[in-house]
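Please find below my notes on the model you sent. They are set out as numbered points, to be read beside the coordinates.

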Amino acid sequence: MRQYRNRLTLIMLTLIGLSMLAAGLAMVTVFKQSHIQLLEDNMVREIRLLQTMMEFPDTTGTDAVAYYTDRSLQLEAVSDARVTFILKDGKVIGDSESDPLTMDNHAYREEMVQAMKEGRGITIRRSHTLQQDMLYVALPVQAGVNFDGFIRLSVSLKEVDEGVKQGWIVMGIGLLVLFLIAAFVSYRVAKGLTSPLEKITRVARRISRLEYDARVNIHRKDEIGQLAQAINGMADSLQTQLRTIRDNEDLLQSVLNNMTGGIVMVNGAGHIMLVNRAAERMLGIQAEVITGKSYRELKQHYELMKLMEEGLESRNSFHEERNIYYPKEAIILLDGVTMMQEEEQDTYRGMLFLLQDVSDIRRLERMRSEFVANVSHELKTPLAAVKGFAETLLGGGVKDEKTSRSFLQIIYDESERLNRLIGDILELSKIESKRIQMEYSPVHLATFFDTISEMMRTVAEKKRINLELDIPEELFMEGDEDKLRQIFMNLLSNAIIYTQEGGRVHLTARERHHAGDADDTVEFIVQDSGIGIPKKDLPRIFERFYRVDKARSRGSGGTGLGLSIVKHLVDLHHGTIKVESELGIGSSFIMEFPILQETDAEES
Ligand code: ADP
């Protein structure tokens, strides 16, 4: 645009300059010509005047040269022109500038030749004597018989030239001033024409650089104004369209990122086009890094990548599970869906992969089926005993009273065991399925343990076991009393069961203060002087159905579920439990509970 403006200005200036130069030249020529014409006319008139007014003595006389020279000097003094008297044959007899005797014959001077031929000779010539341009005017003059020749006047054109020079200077200055004015005006005109176009161009460039809030600030009614309006309208519509697109994109993005399922989109060329946050988390990848790359970059998850490959090659949807080992071991359910162009039904656009971490579901399923298998196994053993002894008795083979009574006792014990087992299983499944409601209330521990020790003491006394409780009188804690009772009954009965006759079972409780922000807790220790638990079994005794030694447990009528129920109930109270034990010396179960339950941490 600036180029265009400069060019326009230049053309205008050249035109103005040229026309002014032409005008100047014409003026100078006219000026010079008219001036010279005027001079000529004057000189002709002066010569005519001389012819009639002057006295012309005989030219052949001895003092003729002196006379005419004298006259010519006089005449020059009044007319400011050089005066020369020349005879018909070209001989000079008087001149105001030089001595006639030393002058050449003038017959062939241009003005003389012309005057002889046409009656009037005019010429402009450079005078060597004066080093100036001179105007020569010669007329034939006849005065009776005395003089027959020419009078020639000549004036220097120096003044004319000076006038012309002055004219040039004035004109030059005028020209310059005019030129400057013209330059300024034409610049303004060009600018007025191009600057709105420049403005529009600038705005259009900004819009193409995605600055959609750029607007042209021109309010005119002409074509340029209309162009500006059209550009602004275009920017308006771009801006609204962009906003709509952005809104849609935001919506889509937030849907994608808040989904729990992972999404990976791969186009027809095998390039990953999209990865959502859940997929990033599951696969341990970063969307910015992997987007645009081949799906083969997922080779870290080899089985998953192979499954994707099959889908991409066959272009068939699928629904399968694969294991991954990074960032953590997991089972991923992968759904492959072929994507088609919406308008044209048969254009393949790639595949959409939906990922779901099913590790937890699968683990629970496995646990459930293991549990069912364990339960059936555990139920079968006492049931087989009941059935076997009942059959023997029914067969009538046992005659003596004592044996049949002992068989009946076994049947009774085993059915009792079955009853306990079923009760424990029901309890455990209730706790595990989180159907259990916690009923917190302040528990005064001294009172609470009074009832428990009363119940346990009879069992302990049977084995002559010394049951000692050490509970500070002022100690309270918040808890579900029924569940706390279940915990301690289990632990104390275990302690009594797994301790030989005459042993000792000890329970202590004490408050513990912690440094910093940590809440106060109550620590319980259930300690016995019993048979102890082997080191290798310690990590597993809280598992369901886990018994250290089937034989000794069976003898004691245990189900192997007691400690796993205890562990769950301690967890429900936000507490911890651990065990320390030494074979033949005894075991200690150490628990720690918060004194106060946080209301928002309550289970529903
Ligand atoms: P059980 O009903 O068989 O007692 P538990 O879950 O209560 O089942 O206990 C699991 C196993 O831990 C028991 O079989 C027993 O061998 C061992 N055990 C539990 N408490 C004690 C203890 N105080 N002393 C020694 N062994 C114990």
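**Notes on the predicted model**

1. In helix 8, the buried residues are L304, M305, L307, M308, E309, G311 and L312. The model is a predicted one, and this should be kept in mind for every point that follows.

2. The buried residues of helix 8 pack against strand 6, helix 6 (277-283), strand 8, strand 9 and strand 10. Helix 8 (residues 302-314) lies across strand 6, strand 8, strand 9 (330-340) and strand 10 (348-357), and runs at about 160° to strand 8.

3. Just after helix 8, R315 has a positive phi of about 55°.

4. The sheet is open and has five strands, ordered 7-6-10-9-8, with antiparallel pairing. Strand 7 (272-275) and strand 8 (318-324) each have a single partner strand, so these two stand at the edges and one side of each lacks a neighbour in the sheet. From one strand to the next the twist averages 25°.

5. How many bridges link strand 6 and strand 7? Strand 6 (residues 262-267) pairs with strand 7 over three bridges, in the antiparallel sense. V264 has V275, in strand 7, as its bridge partner.

6. On the division of the chain, the assignment gives domain 1 (2-163), domain 2 (260-357), domain 3 (362-431) and domain 4 (437-594). Between the C-alpha centres of domain 1 and domain 3 the distance is 161 Å.

7. The largest nonpolar core has 54 residues, and those with the most contacts inside it are L445, F449, I487, F488, F524, F589 and M591. Domain 3 and domain 4 each supply at least three residues to this core. A second, separate core has 28 residues, including I47, A81, V137 and L157.

8. Which residues does I487 touch, leaving aside those up to four places away in sequence? They are V566, L569, V570, H573, M591 and F593. I487 and M591 are both among the residues with the most contacts inside the largest nonpolar core.

9. L180 belongs to helix 4 (residues 158-208). Is L180 buried or exposed? Its relative accessibility is 55%, so L180 counts as exposed, the cut-off for exposed being over 50%. In soluble globular proteins, nonpolar side chains tend to be buried together. The C-alpha atoms of L180 and L13 are separated by 9.1 Å, although the two residues are 167 residues apart along the chain.

Note on methods. Residues numbered from 1 in each chain as written. Predicted model: local features only at pLDDT ≥ 70, side-chain atom pairs only at ≥ 80, totals over all residues. Heavy atoms only, no water. Core = buried A, V, L, I, M, F, W, Y, C linked by side-chain atoms within 4.5 Å. Buried < 20%, exposed > 50% of the residue type's maximum accessible area, 1.4 Å probe, protein only. Domains from an automatic or database assignment. Contact = heavy atoms within 4.5 Å. Pairing = 2+ DSSP bridges. Helix = DSSP H or I, 4+ residues; strand = E, 2+ residues; numbered from the N terminus. Axes fitted to C-alpha atoms, helices over the stretch in contact; angles between N-to-C directions.
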